[in-house]
Every structure is written in C-alpha cells, then in structure tokens.
Amino acid sequence: MKFLIVDDSPTMRRIVINSLRASGWNDFNEASDGEEALNILESDEIDFVITDWNMPNINGLELTKAIRRHPKFNEMPILMVTTRGLKDDIIEALKARVNNYVVKPFTPQILKEKIESIIESNKKV
Amino acid sequence: MKEKINEIIDKAKELNALLVLGQKAIPFLEEIFIFINEIEPILKEINQSISDNLKRMPSATNQISKVTEATELATTEILDIMDNLSNRTAEIKNILNENDIFDTIQTKYKNKIFELLHNKEKYTDENLISEVENIFDLLNKETSIGIQNKHNKIESILRSIDDDSMKIILNLQVQDITSQQLAAVNHLIITVQEKLLNIIKQFDDYQVSDLEVNNILNSAKNIKEGTFDPQAIESYSGTSEKQGAIDEIIKSHKTKESDYLQEKNTLQEDIDKLFSNQNDLKDLDNQ
C-alpha cells in the first residue's frame, strides 16, 4: 500500500512516515500542499492519502473536495490529520467526505488504528 | 475737548489696526479650520487603529506565552524520556553482564558431577553415564531458563523503550503546533503593520520607501489566513480526550448518514414496489 503524506511541515511529514514505518508500512510519497498532492496523484500510484488541513495554495479540505470530484480518485481513502478539533471543523471535513479524522498531536497507535479502520471498512464496501 | 478728540482718534486708530489684523488673520484662521477638518478623520483613524491594535497585542502576547509554555513542556517531557531511556539502556547492560546466575548453576552441577565421580564405585558404567547425562540435561534446562528470563527482561525493557520513543514522537509534534501559532502571531503583526502603513501614507511629508512597502506586502503574501490554525496550541492539551470526542462525532455523523441512506433505500424500494404494482395492473388491464 502506497501512502501520500500531505503536510506543509517537513517535521510532521517525517513524524507521520516514522509512525507508518513503526506499523509496518514502507511505501510513501510526500507533498507540501494540496496542489503538489494533486500532481503526485496524477503521476504516481497512490492508495491512501493522509493530509493536514492548514496548508498554503490548496488546503487539506479543498484537496479532499478536489479528490472526491476527480473521476479517477473519488474513492481514494483520505485521513485528515490536523490541529483543528472544533466540532464544526470535523463536520465540515466529514461533509467533504474524509474517511476519518485524527487530531494532532497523535500517537502512532492512533494513526495505525484509523488507517486500519478505513482499510477494513473499504474492504466491506 | 481737543484731548477728547485725540483720544477718540487714537481709539479709531486702534480699531483700524484691529480690523487690519482681523483681515490678515481671517485667511490664516480659515486655513487652520480647513486643516483641522482634514486632520480630524486621520486623527480619528489613528485613534481607532491604535485602539484596535492595542486590543490585539494582549492576544499576541498570550499566544507567544502559550508557545513558550508548550515548547518548554514538550522539551521537559522529551528530556524526562531521554533520562528514562538512558536508565533503561543501563538496565539492559546490567542484565547482559549478569553472569552470576550461570556461575551458580555451573558450580551446582559441577559439584554434582564431582560427587558422582567420588562415589563412582556405587554405579555401574551404564548407570554412571546415565547419571552424567541427567546432570547435563538439568544443567541445560536451568541455563535455558536463565537465558529465557534474561531475554524476557530485555524484551520488556525494549517494549518500554518503544513506548518512550512513541512519546517522543507525540512531543515533537509541538513543532508543527507552535509554528502554526507563531504564524498566527506573525499574521497579526503584519495586519498592524499594514494599518500603520496606510496611516503613514496619508501624511505627504513622510515618505515610506518602496522597499519597506514591498517587505510588508510580501510578508502578508507569505502568511495568508487559512494556512495556519490560530487555535492550534489548544490541541496540545488533553489529546486523548479530544480524539475520543472526535471519534464520537464521526460515529454519530456516520450513523446519521447510514440512517439517511437506509431511508433513501426504503424510498427506492417503495418506488420499485409501486412500479412493479403498476406493471401488475397493466398486465391485468391487458387481460
């Protein structure tokens, strides 16, 4: 499974990658904003997107909406990992159809659980 | 009489001088009046701007203080974890150097062999060999148990080191959180700068260099609203409770969505039934 990690903070991308490695996943690509992420989705075989919300150019919410509108990637599993923890934010993200939501700071265990839960529910579908 | 006339003439001269002064002063007073009219909105704007910016400053100060607190908290926790890690590695070294138990086991079985050899006349050759084999089996078993215990102890310490490294990962995320918070403070400072720049531009005498203006505008471009979360620092406390609350919201939203979809399905089923009934009716009509 190949992950695309989208975050404008290189430290956060590294933390996400380390957490994924600790859970046994080893295939990644990285993007620093939504625009770069959309380009990578076109050129690389990505199976799962983990995105931050607050980013320059195209933010995580706009990226999610763009992916859902895209005929090729509209079923792409998306996990939002962000500092935004207000109820309205979560509902807005759910309306944009993120598959799950993790608030920063997170433990690698939480990240693993959410990814596995998304993979599991996608299998059922 | 002449004195009185002179006095009147003097008064008239004074009055005349006053009128001349008045004539000269009126345009000047008019200019002052126009100037005050022009400066009044600017002064009001300056006043408003200073008042607005003063209100924002405590928020910026507060945010910077929170960043300092969060960074300090994370650094202290990381240092505590590092101390713990250092203790743990020392424990592993001690376990690896612990050979007393094996020495005791070896001495115990060495003595048994000596005892056996000392009393060898009591045994046949076959029995003696069998006894020695038993002693070696027991020695191997006890040594294996000792090794397994060491292994278990080291494994448990490694697990706790793993947990500690996860805690470090959690604490390092403060970097992203504080950088968003500082971006919010930067955004606020730039907004104040822009406002002050607008005020300064209204005074013709004060020239702001293009470089200064460009610097401010470029900073504003780099830190746009929406690229940072001004409440980011709040997420640093009580994360597990927050994630639990978020999971509840997601669960409830998904349940509602699924209920809605089920409703939609029911409606579709009803429509299908209706259509199948209509077909039945058509069949009946044809008959």
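Visitor: Which residues does B:Glu131 touch, not counting residues up to four places away in sequence?

Guide: A contact is read from C-beta atoms that lie within 7 Å. In this predicted model, B:Glu131 touches B:Leu116 and B:Tyr123.

Visitor: Where does B:Glu131 lie in chain B?

Guide: B:Glu131 belongs to helix H3 of chain B, which covers residues 125-172.

Visitor: Why does B:Glu131 count as partly exposed?

Guide: A residue is buried with 20 or more C-beta neighbours within 10 Å and exposed with 12 or fewer. B:Glu131 counts as partly exposed because it has 17 such neighbours inside 10 Å.

Visitor: How many residues does the contact take from chain A and from chain B?

Guide: Chain A gives 26 residues and chain B gives 25 residues. On the side of chain A that touches chain B, the elements giving two or more residues are helix H1 (10-22), helix H4 (87-95), strand S5 (100-103) and helix H5 (108-124). H1(A) provides the largest share, 5 residues.

Visitor: What pattern does chain A follow along the sequence?

Guide: Chain A has 5 helices and 5 strands, in the order β-α-β-α-β-α-β-α-β-α. Of its 125 residues, 46% count as buried.

Conventions: Residues are numbered from 1 along each chain as its sequence is written. Chains are lettered from A and ligands numbered from 1 in the order in which they are written. This is a predicted model: local features need pLDDT of at least 70, side-chain atom pairs count only at pLDDT 80 or more; totals for chains, interfaces and linings use all residues. Helices (H or I, at least four residues) and strands (E, at least two) are DSSP runs, numbered from the N terminus. Two residues are in contact if their C-beta atoms, placed from the backbone, lie within 7 Å.
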